[in-house]
Amino acid sequence: MAKENSGFSTIPETPVSEAKPPLCSRPSKASARLRRENEREKTEKKKRRQRYVEKGGKCNVQHGNVRETYRYLTDIFTTLVDLKWRFSLLVFTLAYAITWLFFGLIWWFIAYCRGDLDHLEDHTWTPCVNNLNGFVSAFLFSIETETTIGYGHRVITDKCPEGIILLLLQAILGSMVNAFMVGCMFVKISQPNKRAETLVFSSHAVVSLRDDRLCLMFRVGDLRSSHIVEASIRAKLIKSKQTQEGEFIPLNQTDINVGFETGDDRLFLVSPLIISHEINEHSPFWEVSKEQLAKDEFEIVVILEGMVEATGMTCQARSSYLMDEVLWGHRFMSVLSLEDGFYEVDYNSFHQTFEVPTPSCSAKEMAEATARMDAHLYWSIPSRLDEKVEEGTEKEAGDKERNGSLANPETVQINERGPLHEGAGGGFL
């Protein structure tokens with residue numbers, strides 16, 4: 001049956017219109033120009049195709065016309081962490097420089113108001129800060145106070161109550177600035193974004209049979225020896241949709257089941273794993289065939305997340321597959337091999353696939369064909385059994401008829417002697 005069905009054919013038949021010309025013949029200029037135009041159109045179409053999520057995991061979404069920008073300031077810590085490194089370093093430097101300059105200006109202003117700058121050579125005068133003779137020395141004293149480096153020969157005296165209050169205020173605010181900025185830099189440095197760089201996805205997804213069921217599969221792997229704790233995988237189908245009421249929903253997200261109900265979405269990611277999505281009646285690819293897959297426009301976004309074993313922080317890695325990155329009738333090459341006492345993973349074969357016999361029809365058509373075949377077997381076997389039963393019944397009925405023609409001899413004698421008479425003690429013949 002598989003040979004008769006063209007959908008199960010592993011080698012597609014070449015149409016007459018697509019037959020290759022003989023080597024001696026040369027294509028005409030018109031056909032060559034038409035071929036170049038078709039290739040140009042395909043190239044432009046590929047260029048115009050926009051990804052929702054890049055292969056590296058970056059989301060191609062930009063927020064515009066955001067008027068409520070004050071919301072970013074209400075969560076200033078996250079805003080600073082999300083900044084790029086050049087802006088984070090600029091904010092880090094400015095935070096300390098502005099603080100030192102601000103308190104240095106106040107120290108200089110106190111010395112100016114008390115007249116310390118006018119009595120620099122007067123040894124009988126007790127200044128607020130010893131050896132503070134200008135703005136530069138006030139700035140250095142501010143740095144020494146906030147960073148607690150050590151005063152040296154510039155030190156505050158006990159005859160300046162306003163200086164003591166300013167010293168306490170700068171020490172408290174300086175500790176707050178240190179905690180805030182060092183915390184931002186520590187979180188930014190320890191972010192698990194770089195950990196996601198060692199989580200790899202296969203360059204293509206494949207569609208093939210697994211246990212006589214059509215499945216969509218892709219491969220994930222971890223390049224590090226440290227594991228991802230509580231790793232889980234999710235997949236989304238990004239495709240525009242129009243409802244029955246005529247509403248157009250761009251980039252509609254549909255969940256792709258990769259084992260949520262059975263727990264197969266929880267991964268023990270020690271070696272590369274092949275994630276499988278069974279195409280059944282609940283799948284968005286239920287009615288998609290090989291021909292329709294090449295014409296359709298969609299994007300499959302896969303999300304792998306878990307906790308980094310070393311830091312305990314949550315890590316998320318993303319990738320996507322466009323329709324031309326889904327290979328129908330392919331299967332992934334094996335990457336595991338058993339060595340002397342351990343398993344070795346060959347990442348050279350991580351992205352490689354090979355062709356396998358796969359029906360080109362949709363999973364729905366396969367299910368209908370299987371149902372028709374089962375129904376045919378279901379009705380054909382009982383019908384033959386019924387024929388045998390009917391033949392046996394007819395034989396039994398014929399035997400009974402033949403046996404019934406020979407009546408019981410006692411009954412014959414009774415009928416021949418006459419009617420039955422009743423009397424005392426029983427009936428007599």
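**Reading strands, a helix and salt bridges**

Modeller: Strand 4 and strand 6 (residues 266–267) run antiparallel and are joined by 2 bridges. In strand 6, Leu267 is the bridge partner of Ala231. Please keep in mind throughout that the model is predicted.

Biologist: Which way do strand 4 and strand 5 run, and how many residues lie between them in the hairpin?

Modeller: Strand 4 and strand 5 (residues 248–255) run antiparallel, joined by 6 bridges. Lys236 faces Asp255 of strand 5 in this pairing. The hairpin that the two strands form has 5 residues between them, and Gly246 in the turn has a positive phi of about 95 degrees.

Biologist: Which residues of helix 4 are buried, and against which helices do they pack?

Modeller: The general idea is that an α-helix has 3.6 residues a turn, so residues three or four places apart point the same way. In helix 4, the buried residues are Ser88, Tyr96, Thr99, Phe103, Gly104, Trp107, Ile110 and Ala111. These buried residues pack against helix 3 (76–82), helix 5 (135–147) and helix 6 (161–189).

Biologist: What is the salt bridge count, and which side chain does Arg114 meet?

Modeller: Oppositely charged side chains can pair when their charged atoms come close. With a cut-off of 4 Å from a side-chain nitrogen of Lys or Arg to a carboxyl oxygen of Asp or Glu, the count comes to 12 salt bridges. In one of them, Arg114 meets Glu162 at 3.3 Å, N to O. This pair links distant parts of the chain, since Arg114 is in helix 4 and Glu162 in helix 6, 48 residues apart. Arg114 is partly exposed, at 23% relative accessible area, and Glu162 is also partly exposed, at 32%.

Biologist: Are Asp222 and Arg195 buried or exposed, and where in the chain do they lie?

Modeller: The side chains of Asp222 and Arg195 form a salt bridge of 2.9 Å, N to O. Asp222 lies in strand 3 (residues 213–222), whereas Arg195 is in the loop between helix 6 and strand 1 (199–201), 27 residues away. Asp222 is buried, with a relative accessible area of 4%, and Arg195 counts as buried at 7%.

Biologist: Which residues are linked with Glu325 in a network of salt bridges?

Modeller: The network links Arg51, Lys55 and Glu325. Within it, Lys55 and Glu325 meet at 3.7 Å, N to O. The two are 270 residues apart: Lys55 is in the loop between helix 1 (29–48) and helix 2 (70–74), and Glu325 is in the loop between strand 9 (314–322) and strand 10 (326–328). Lys55 is partly exposed, with a relative accessible area of 30%, while Glu325 counts as buried at 13%.

Terms used
Residues are numbered from 1 along each chain as its sequence is written. This is a predicted model: local features need pLDDT of at least 70, side-chain atom pairs count only at pLDDT 80 or more; totals for chains, interfaces and linings use all residues. Side-chain values use heavy atoms; hydrogens and water are left out. Buried means under 20% relative accessible area, exposed over 50%, partly exposed in between (1.4 Å probe, protein chains only). Helices (H or I, at least four residues) and strands (E, at least two) are DSSP runs, numbered from the N terminus. Contact means heavy atoms within 4.5 Å. Two strands pair if DSSP finds at least two bridges between them.
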